[in-house]
Amino acid sequence: MAEVQLQNLEKRYDNDAHAVRGVSFVAHDGEFVVLVGPSGCGKTTTLRMVAGLEEITSGDLFIDGERMNDREPKDRDVAMVFQNYALYPHMTVFENMAFPLKMRKVPKPEIKRQVEEAAKLLGIDRHLNKKPKELSGGERQRVAVGRAIVRRPKVFLFDEPLSNLDAALRTQMRAELKRIQRRLGATMLYVTHDQVEAMTMGDQIAVMNKGELEQFGTPSEIYERPGTAFVARFLGSPAMNLLSGGVMNDDGGSYFVSHEGTGTLRIPLAKSMEPQNVELGIRPEQTTISLGSASDKNETASGKLILIEPIGSVTHYYIDWPGAAGGTLVASASQLQRDALDGLKLGDSVTLGFPSDALHLFERESGKRIV
Ligand SMILES: Nc1ncnc2c1ncn2[C@@H]1O[C@H](COP(=O)(O)OP(=O)(O)OP(=O)(O)O)[C@@H](O)[C@H]1O
Ligand SMILES: [Mg+2]
C-alpha cells in the first residue's frame with residue numbers, strides 16, 4: 001500500500017541534458033498511473049528517479065509521505081521492470097523469478113509456490129527451466145514482469161513491459177497485468193507508447209512532452225478535454241484534426257476562420273469569444289462526412305479522398321488540407337454510417353463537417369486549451 005508523490009522533479013544529466021522539468025503528480029494508493037509521451041520526453045528518467053537508480057537533481061519524491069530522495073533503491077520497496085528487461089543470462093527462468101525472494105530468504109517451498117503461480121498467470125510456466133537466451137523477446141519480457149510480481153512491492157514501476165508482444169498476447173497481458181495489480185493492491189507507474197494501453201489500463205494518465213508534464217488526468221478527461229494542442233494530437237488515432245486560424249465576430253456570433261486550406265473555412269462556434277489566434281481541434285469520429293462537394297457558407301471542407309483506411313469497426317477517410325496539422329483532415333465513419341459511403345474510392349469528392357458542440361479551441365502561441 002503506497003502513495004507516490006512527485007513534487008517538482010527535475011533531472012539534469014551530466015552532459016547537461018535537461019531530461020525532466022518540474023514534474024509533479026500523485027499516484028494514490030493502489031492507483032494505476034500511465035506515463036505516455038514521445039520518445040525522449042523523459043519517461044524512463046522519471047521512473048528511474050522514483051526507483052532510486054537515478055539521482056534527483058531537484059524536487060522531492062515521497063512514498064507514503066516519507067521523503068525518498070536519499071533512500072537507497074532497496075529501501076524504497078519498489079520493483080522496476082526495465083524497457084530492456086535485464087534478466088540474469090546464466091540463470092533459468094525459475095531462478096530469475098525466484099531471485100528477489102531468495103535474497104529475502106523466503107523459504108524454498110514458498111518461493112516455488114509463488115514463482116509457479118506468477119509463471120502460470122503470465123503464461124510462461126512451460127519455460128521455467130529454460131535460460132533467457134532460449135526465449136523469445138515477449139517471453140523474456142514476461143519473465144521480467146514475473147520477477148517483479150513475486151516480490152509484492154508497494155510500488156511497481158513498469159517501463160514498456162509489453163512492447164515485444166504480438167497484438168493478441170498484448171491485449172491478453174494488458175488485462176492480466178491490470179488484474180494482478182488490482183489484486184495485489186499495488187500502486188503502479190507504467191510507461192507505454194501505446195495509446196490503447198494508456199487509455200484502457202490507466203486510472204490516471206500523465207502525458208509528458210520535452211521533459212514536462214503536459215497534462216495529468218483520467219483517460220476520459222485527457223481524451224475529452226485535452227489541456228493542450230499537444231495532448232489533443234498525441235492521444236487518439238487517427239490524431240485529432242487541428243486547424244490554424246482565428247476567432248472572428250459578426251452577425252452577433254463567433255466564428256473560427258481559416259484561409260490556410262484548399263478553401264476558406266468559416267465555422268460557427270457554440271459560444272461567443274474574443275477575437276484571437278487559435279487552433280481549432282475536432283476528433284475524426286466527430287467530424288461528419290458526406291458525398292460530393294458542398295457549396296455552403298464555407299462551413300465545411302470539401303476535397304478529394306487521398307486515403308481510405310478500413311480498420312474493421314471503423315473506416316478513416318482522409319482529404320488533403322494544407323492548413324491542417326499533418327496536411328490532411330480525416331473523418332472516421334462507423335460500420336453503420338459506412339453503408340451510406342459504400343463504393344467511395346480514392347479521388348472522389350467528399351465534404352467534411354465540424355459540429356459546433358464537438359470543437360476544441362487552443363491558444364495559438366501557448367497551445368493551451370481555451371475553456
Ligand atoms: N544517462 C543519460 N545521460 C545523458 N542523457 C540522457 C541519459 N539518459 C537519457 N538521457 C536523455 O534524456 C532525455 C530523456 O530520456 P528518457 O530515456 O527518459 O526518454 P523516454 O521518454 O524514456 O524515451 P523512450 O520512449 O525513447 O524510451 C533524452 O533526451 C535522452 O537523450
Ligand atoms: Mg524510455
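This is a predicted model: local features need pLDDT of at least 70, side-chain atom pairs count only at pLDDT 80 or more; totals for chains, interfaces and linings use all residues.
At T45, a polar side-chain atom is found 2.5 Å from an oxygen atom of ligand 1. For K43, the distance between an N or O atom of the side chain and a ligand oxygen is 2.8 Å. With G42 the backbone is involved instead: one of its N or O atoms lies 3.0 Å from an oxygen atom of ligand 1. Taken on its own, ligand 1 has 640 Å² of accessible area, of which the protein covers 64%.

Attention now turns to the open spaces of the protein. The largest pocket contains about 560 Å³ of space. Its lining is made up of 19 residues, and V78, A79, M80, P100 and R151 are the closest to the centre of this pocket. Two or more lining residues are given by each of three elements: β6 (78-81), α2 (93-103) and α4 (137-151). In terms of residue class, the lining of the largest pocket holds 14 nonpolar and five charged residues, with no polar ones.

The second largest pocket has a volume of about 320 Å³. It is lined by 14 residues, and the closest to its centre are K271, L359, L361, I370 and V371. Seven nonpolar, two polar and five charged residues form the lining of this second pocket.

One cavity of 30 Å³ or more is present in the structure. The volume of the largest cavity is about 50 Å³. Its lining comprises Q114, E117, A118, L121, I149, V150, R152, I180, R183 and L184. These residues divide into six nonpolar, one polar and three charged. At least two residues of the lining come from each of α3 (108-121), α4 and α5 (167-184). Helix α3 contributes the largest share, with four residues.

Aromatic side chains form a further set of features. A pair of aromatic rings is described by the distance of the centres and the angle of the planes. The count of aromatic pairs in the model is six. One of these pairs joins F32 and Y190, whose ring centres are 5.3 Å apart and whose planes make an angle of 45 degrees, a tilted arrangement.

Two features of the backbone complete the description. The peptide bond that joins S237 and P238 is cis, with omega at about -5 degrees. P238 is located in the loop between α8 (229-234) and β11 (241-250). The other feature concerns N8, a residue other than glycine with a positive phi, near 55 degrees. N8 is placed in strand β1, which covers residues 4-12.

Notes: Residues are numbered from 1 along each chain as its sequence is written. Chains are lettered from A and ligands numbered from 1 in the order in which they are written. Side-chain values use heavy atoms; hydrogens and water are left out. A polar contact is a pair of N or O atoms within 3.5 Å; within protein, one must be able to donate a hydrogen and the other to accept it, and residues adjacent in sequence count only if both atoms are side-chain atoms. Accessible areas come from the Shrake-Rupley method with a 1.4 Å probe; for residues, only the protein chains shown count as cover. On a 1 Å grid over the protein atoms alone, a cavity is a set of points where a 1.4 Å probe fits but cannot get out, and a pocket is an open set with protein on both sides within 12 Å along at least five of seven lines; lining residues have an atom within 4 Å of a point. Grid points are joined across faces, edges and corners, and a volume is the space filled by probe spheres set on the points. Ala, Val, Leu, Ile, Met, Phe, Trp, Tyr, Cys and Pro count as nonpolar, Asp, Glu, Lys and Arg as charged, and the others, Gly among them, as polar. Rings of Phe, Tyr and Trp (its six-membered ring) pair if their centres lie within 6.5 Å; planes under 30 degrees apart count as stacked, over 60 as edge-to-face and the rest as tilted.
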